[in-house]
Structures are given as C-alpha cells and as structure tokens.
Amino acid sequence: MNNELTRIVRKHGGSPVQFSGRKGHLIKAKKMLVNGTVDIGYVGEVDKIKKILINKALKKGKIPIISSVGVGPGNKVYNINADTAASAIAKMLKADKLVLMTDVAGVLDKDGKLISQISISSAQGLIDKGVISGGMIPKVSYGLDAISNGVGKVHIIDGKHPHSLLLQIFTNRGIGTMLVK
C-alpha cells in the first residue's frame, strides 16, 4: 500500500517520501496486550514517534507516506492499527486536521442518517446511548484523543466515495463526520 500511495502522489505532482515504522525506527512500539494480559501476537501500540524525521521531510516540502509498523524492544516488529498510528502522529505534529477513512459515510444516528458534526462534550453520550457503536467507537475515541491533545479537527469519512477527502475539506457541509472541540 505504501508503494501504491507513493506512486499516486508522485503521478499527481507531489513529492512523496516513504517511511516505514520499522526503517529508522520511526515508530517505537510496545506489545499490545488485550485487557492487560492477553498476548495476541505481533500487534503493538505506539510508544513514541521520531518527530525529527517527519519534520525534516515536511520542511523539504515532501509528503510523508507512513506505514503503521513499529519496532519494539529487541527489534521486534509490531503491526499497529493505522488509525492509532495516524492519531499519534497527528498529536505529535499538533496537526490542523486528522482524517480517518472508513467504509461508511461517517458516524450515523440511530436512524442511519449521517451526523455531520460531533463535539467532544456530546460524543461520550452518543457512545453511552449506543448511537456510536462497534468499530466506530475506536475511530471516535482516537479522534477525541487527538483533539484533546492539540489537533484542530478530526474528519471521519468514507474512503470508497470518489473525491471524499476533497468534498469533506473543501465544501461547507462535507460528506462525513467532523469531530470538534
């Protein structure tokens, strides 16, 4: 996927630079244990990001393409959830925006209609009521954590929708869900 994204960015005139969490130890990881005790293999969580490598690329006008693989103690390689890694990187950079892609329109209400904006103060209530459920809970949680740690806005959008990123960011209404302070 990293190679394909790099090819697409280059094709459209961008100047990409590939990063693997493993190469140069960009992402330092630690083993993830479910419920603090259950080992599920080579799955990790972000421990630290080498900010200097990303900032160096950005200062040169490069577009970082980063895979969500990290290295832990003993040079063990761990797979990290892409949303987890993206959130950690966005927090570290104090990014203006973080975009999380999914295969649905965004956060849907109990009638299946898109909720276009959710504030930090209302999100937990929507989770408690079961409006935000299943796989959307981690996305919203990562988003809220990012906003609480300096990221301006978080967008959850359907990556299968043509031009979804452009429509979300450059239109007044957007097509997904925006998380705000």
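Mentor: Let us begin with V38, which lies in strand β3, residues 38-49. Please keep in mind that this is a predicted model.

Trainee: Is V38 buried, partly exposed or exposed?

Mentor: The class is read from the relative accessible area: buried means under 20%, exposed means over 50%, and partly exposed lies in between. V38 has a relative accessibility of 40%, and therefore V38 counts as partly exposed.

Trainee: Which residues make the nonpolar surface patch of about 210 Å²?

Mentor: Residues of a patch must have over 30% relative accessible area. V38, with 40%, is above that cut-off. The patch is made by V38 together with V34 and I40.

Trainee: Which element gives the largest share of the lining of the largest pocket?

Mentor: The largest pocket has a volume of about 1,400 Å³. Of its 29 lining residues, the closest to the centre are L5, P64, I65, V99 and M101. Elements that give two or more residues to this lining include α1 (2-11), β4 (63-66) and α3 (82-93). The largest share, seven residues, comes from α3.

Trainee: How many residues of the lining of the largest pocket are nonpolar?

Mentor: The lining divides into three classes. Three residues are polar and three are charged, while the number of nonpolar residues is 23.

Trainee: Which element gives the most to the lining of the second largest pocket?

Mentor: The second largest pocket holds about 180 Å³ of space. Its lining includes V43, G44, E45 and V46. Strand β3 covers residues 38-49, a range that holds these positions. With four residues, the element that gives the most is β3.

Trainee: Where does N35, which has a positive phi although it is not a glycine, lie?

Mentor: The phi of N35 is about 55 degrees. N35 is exposed, because its relative accessible area is 75% and exposed means over 50%. N35 lies in the loop between β2 (27-34) and β3.

Trainee: Where does K94 lie, and is K94 buried or exposed?

Mentor: K94 has a positive phi of about 55 degrees and is not a glycine. Its place is the loop between α3 and β7. The relative accessible area is 51%, so K94 is exposed.

Trainee: What distance separates the C-alpha atoms of H155 and V99?

Mentor: H155 is found in strand β9, residues 153-158, and counts as buried because its relative accessibility is 2%. H155 and V99 are 56 residues apart along the chain.

Trainee: Why are R7 and E4 separated by about one helical turn?

Mentor: The side chains of R7 and E4 meet in a salt bridge, at 2.7 Å from N to O. Side chains of opposite charge can pair when their charged atoms come close. R7 and E4 are separated by about one helical turn because they are three residues apart in helix α1.

Trainee: Which elements hold the two partners of the salt bridge between D145 and K91?

Mentor: The side chains of D145 and K91 meet at 2.4 Å, N to O. This pair links distant parts of the chain, 54 residues apart. D145 lies in helix α5 (residues 136-148), and K91 in helix α3.

Methods
Residues are numbered from 1 along each chain as its sequence is written. This is a predicted model: local features need pLDDT of at least 70, side-chain atom pairs count only at pLDDT 80 or more; totals for chains, interfaces and linings use all residues. Side-chain values use heavy atoms; hydrogens and water are left out. Patches are made of residues with over 30% relative accessible area and no salt bridge: like charges are joined within 9 Å, nonpolar side chains (Val, Leu, Ile, Met, Phe, Trp, Tyr) within 5 Å. Accessible areas come from the Shrake-Rupley method with a 1.4 Å probe; for residues, only the protein chains shown count as cover. A salt bridge is a side-chain nitrogen of Lys or Arg within 4 Å of a carboxyl oxygen of Asp or Glu. Buried means under 20% relative accessible area, exposed over 50%, partly exposed in between (1.4 Å probe, protein chains only). On a 1 Å grid over the protein atoms alone, a cavity is a set of points where a 1.4 Å probe fits but cannot get out, and a pocket is an open set with protein on both sides within 12 Å along at least five of seven lines; lining residues have an atom within 4 Å of a point. Grid points are joined across faces, edges and corners, and a volume is the space filled by probe spheres set on the points. Ala, Val, Leu, Ile, Met, Phe, Trp, Tyr, Cys and Pro count as nonpolar, Asp, Glu, Lys and Arg as charged, and the others, Gly among them, as polar.
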